[in-house]
Amino acid sequence: MTTILIFYIIAAKFVYSKFKMAEIKKEEDKITRRRFLDYLLVGSILVTFGAVVGAALNFIYPPKKEGGAEAAEKLEVGPTSDLPEGKAKPVIFENKNVMVIHVKEGFFAVDMKCTHLGCMVEWEEKTLVLKCPCHAAFFDYKGNVISGPAPRALPTYRVEIMSDKIYLVGT
Ligand code: FES
């Protein structure tokens with residue numbers, strides 16, 4: 001009887017100790033989960049903070065173009081032989097429609113967006129002027145208003161000729 005009692009006591013202790021260990025493990029798991037959630041919370045706060053600070057810095061100090069701050073946008077329009085005197089060629093430069101013009105005085109580039117209501121001007125080879133098809137505004141090859149309702153000149157762009165090639169150069 002005593003042996004059985006001792007056996008029950010030992011068994012009960014064993015079961016109790018297993019139960020206690022399971023409880024401790026559960027508690028450790030809880031702490032681990034809690035810590036994990038803490039890390040997750042702190043991590044997400046840091047990531048959000050980093051993104052906000054990064055966006056703010058990007059706004060305050062915009063990224064430099066390749067080649068440094070002085071590197072202006074440059075577009076090769078093509079060889080000068082492709083644009084004989086009297087001709088003009090429309091290109092996209094700095095996200096704008098630009099007309100590159102070759103006249104006796106040299107090469108010029110003007111924004112094609114009419115300063116009246118924004119229609120695209122066209123080059124007239126016969127008269128060597130830019131004409132707006134919408135309300136008949138006329139501009140010279142430098143973008144100056146000749147006649148019509150346009151309130152101001154067309155913006156111009158810098159043209160460079162290097163090694164018999166035409167380039168548009170941003171400012
Ligand atoms: Fe060019 Fe009116 S939009 S003249």
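Student: Which residues of the largest nonpolar core touch the most other members?

Tutor: This is a predicted model, in which local features need pLDDT of at least 70, side-chain atom pairs count only at pLDDT 80 or more, and totals for chains, interfaces and linings use all residues. Residues are numbered from 1 along each chain as its sequence is written. A nonpolar core is a set of buried Ala, Val, Leu, Ile, Met, Phe, Trp, Tyr and Cys residues joined through C-beta atoms within 7 Å. Among the 22 residues of the largest core, those touching the most other members are Val98, Met99, Val100 and Ala109.

Student: Which element gives the most residues to this core?

Tutor: Strands here are DSSP runs of E with at least two residues, numbered from the N terminus. Two or more core residues come from each of β3, β4 and β10 (165-169). The most, four residues, come from β3.

Student: Which strands stand at the edges of the sheet?

Tutor: Two strands pair if DSSP finds at least two bridges between them. Six strands form an open antiparallel sheet, ordered β1-β10-β9-β4-β3-β2. One side of each edge strand has no neighbour in the sheet because each has a single partner strand; these are β1 (74-79) and β2 (88-93).

Student: Is Lys104 buried or exposed?

Tutor: Lys104 lies in the loop between β3 (96-103) and β4. A residue is buried if 20 or more other C-beta atoms, placed from the backbone, lie within 10 Å of its own, exposed if 12 or fewer, and partly exposed in between. Lys104 has 8 such atoms within 10 Å, and is therefore exposed.
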